[in-house]
Amino acid sequence: VQLQASGGGLVQAGGSLRLSCAISGDTFSMFSMGWFRQAPGKEREFVSAIIRKGGNTYYTDSVKGRFTISRDNAKNMVYLQMNSLKPEDTAAYYCAADDDRTTYAYRPASQETYEYWGQGTQVTVSS
């Protein structure tokens, strides 16, 4: 299973970006997907997640109302639409995949839940 994240870049505060993550190598619809981020000098943290059937979504408090996660099972893609970006959103963003066939209890915000990780895409928000 391979994940490829893209869509990062440099944007001014208040701007928008859409991150994409493509998954290959297995049946995408069997995976719940998450986005995490890591700022310089900080630990990686949970941002958002969406279960494999796309019904339930999860967000960390700091991005609620600004970020939207979605998925397209036909295209094997998951997206993170980021609006009203703030300088504190600056980080490397990682997509992650959890194989529901091997997960007993899905914990969307737990990094240990996810078996597969993408390489990260950098988001920089200038003030």
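In which strand does Ser48 lie? Ser48 belongs to strand S5, residues 45-50; strands are DSSP runs of E of at least two residues, numbered from the N terminus. The model is predicted, so local features need pLDDT of at least 70 and side-chain atom pairs count only at pLDDT 80 or more, while totals for chains, interfaces and linings use all residues. Residues are numbered from 1 along each chain as its sequence is written, and side-chain values use heavy atoms, with hydrogens and water left out.

**First stop: Ser48**

Select Ser48. Its relative accessibility is 0%, so Ser48 counts as buried (under 20% relative accessible area, with a 1.4 Å probe and protein chains only). Beyond neighbours within four places in sequence, the residues in contact with Ser48 (heavy atoms within 4.5 Å) include Met33, Trp35, Ile69 and Leu80.

**Second stop: the open sheet**

Ile69 stands opposite Leu80 in S8. Strands S7 and S8 (residues 77-82) pair in the antiparallel sense over 6 bridges; pairing requires at least two bridges found by DSSP. Now display the whole open sheet, whose 4 strands follow the order S1-S3-S8-S7 with antiparallel pairing. S1 (2-6) and S7 (67-72) are at the edges with a single partner strand each, so one side of each has no neighbour in the sheet.

Select Met33, Trp35, Phe67, Val78, Leu80, Met82 and Tyr93. Within the largest nonpolar core, which has 27 residues, these touch the most other members. Such a core is a set of buried Ala, Val, Leu, Ile, Met, Phe, Trp, Tyr and Cys residues joined through side-chain atoms within 4.5 Å. S1, S3 (17-24), S4 (31-38), S5, S7, S8, S9 and S11 (121-126) each supply at least two residues of this core. Another core, of 5 residues, lies apart from it, and Phe36, Phe46, Ala49 and Tyr114 are among its members.

Move to Thr90, in the loop between S8 and strand S9 (91-99). Which backbone atoms lie 2.9 Å from a polar atom of the Thr90 side chain? One is the backbone oxygen of Pro87, and another is the backbone nitrogen of Val125. Finally, select Ile51: its C-alpha atom is separated from that of Thr90 by 25 Å, and the two residues are 39 residues apart along the chain.

Terms used: Buried means under 20% relative accessible area, exposed over 50%, partly exposed in between (1.4 Å probe, protein chains only). A polar contact is a pair of N or O atoms within 3.5 Å; within protein, one must be able to donate a hydrogen and the other to accept it, and residues adjacent in sequence count only if both atoms are side-chain atoms.
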